[in-house]
Amino acid sequence: MSKDAFNRVSDILKHIMEDTSVPRNIRRAAEESNDILNNEEEDSTIRASTVISILDEISNDPNIPIHARTLIWEILSELESIRS
């Protein structure tokens, strides 16, 4: 289950990383989050918790476009289901 969820989240993160209307710091955080998710040496709950922490912080950035914020909220809800 978490493998499918991680794949869906990874696809959304890639979309954010490729969107030039998203500020560079947000794209960088998306890339960092994607790298963490794809690190299969760590436990899936630890990876999910780490990414939740990173994305929760950037979701409050006032410079983030609303469409990117919505995608991040979607990712957060997906990862919350894995963590719990």
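The exercises below work through a predicted model of one protein chain.

**Exercise 1. Describe the overall build of the protein chain: how many helices and strands are there, and in what order do the elements run?**

Solution. 
- Step 1. Count the elements: the protein chain has 4 helices and 0 strands.
- Step 2. Read them from the N terminus, which gives the order α-α-α-α.
- Step 3. Compare the radius of gyration with the globule rule. The value for the protein chain is 12 Å, close to the 12 Å that the rule gives for 84 residues, so the chain is as compact as a globular protein of that length.
- Step 4. Of the 84 residues, 42% count as buried. Among contacts between residues at least 6 apart in sequence, 59% join residues at least 24 apart.

**Exercise 2. Work out how helix 1 packs on helix 2: what is the angle, and which residues make the contact?**

Solution. 
- Step 1. Locate the two elements: helix 1 covers residues 2–18 and helix 2 covers residues 24–37.
- Step 2. Take the geometry. The helices pack at an angle of about 155°, and their axes are 9 Å apart.
- Step 3. Classify the angle. Angles over 145 degrees count as roughly antiparallel, so helix 1 is roughly antiparallel to helix 2.
- Step 4. List the residues. Helix 1 contributes F6, V9, S10, L13, K14, I16 and M17, while helix 2 contributes I26, R27, A30, E31, S33, N34 and L37.
- Step 5. Sort them by class: the contact of helix 1 with helix 2 has 8 nonpolar, 3 polar and 3 charged residues.

**Exercise 3. Repeat the analysis for helix 1 and helix 3: are they roughly parallel or roughly antiparallel?**

Solution. 
- Step 1. Helix 3 spans residues 44–59.
- Step 2. Helix 1 and helix 3 pack at an angle of about 30°, with 12 Å between their axes.
- Step 3. Angles under 35 degrees count as roughly parallel, so helix 1 is roughly parallel to helix 3.
- Step 4. The crossing of helix 1 and helix 3 is left-handed.
- Step 5. In the contact, S2, F6 and L13 of helix 1 meet S44, R47, A48 and L55 of helix 3.
- Step 6. By class, these residues are 4 nonpolar, 2 polar and 1 charged.

**Exercise 4. Describe S59 and E80: in which helix does each lie, and how is each classed by accessible area?**

Solution. 
- Step 1. S59 is found in helix 3, and E80 lies in helix 4, residues 66–83.
- Step 2. S59 is buried, with a relative accessible area of 4%, whereas E80 is partly exposed at 33%.
- Step 3. Beyond neighbours within four places in sequence, S59 is in contact with I64, R69, I72 and W73.
- Step 4. E80 and A48 are 32 residues apart in sequence, and 7.6 Å separates them in space, C-alpha to C-alpha.

Note on methods:
Residues are numbered from 1 along each chain as its sequence is written. This is a predicted model: local features need pLDDT of at least 70, side-chain atom pairs count only at pLDDT 80 or more; totals for chains, interfaces and linings use all residues. Side-chain values use heavy atoms; hydrogens and water are left out. Axes are lines fitted to C-alpha atoms, for helices over the stretch in contact, and angles run from 0 to 180 degrees between N-to-C directions. Angles under 35 degrees count as roughly parallel, over 145 as roughly antiparallel, 65 to 115 as roughly perpendicular and the rest as oblique. Contact means heavy atoms within 4.5 Å. Ala, Val, Leu, Ile, Met, Phe, Trp, Tyr, Cys and Pro count as nonpolar, Asp, Glu, Lys and Arg as charged, and the others, Gly among them, as polar. The radius of gyration is taken over C-alpha atoms; the globule rule is 2.2 Å times the number of residues to the power 0.38. Buried means under 20% relative accessible area, exposed over 50%, partly exposed in between (1.4 Å probe, protein chains only). A crossing is left-handed if the near helix is turned anticlockwise from the far one by less than a right angle, and right-handed if clockwise.
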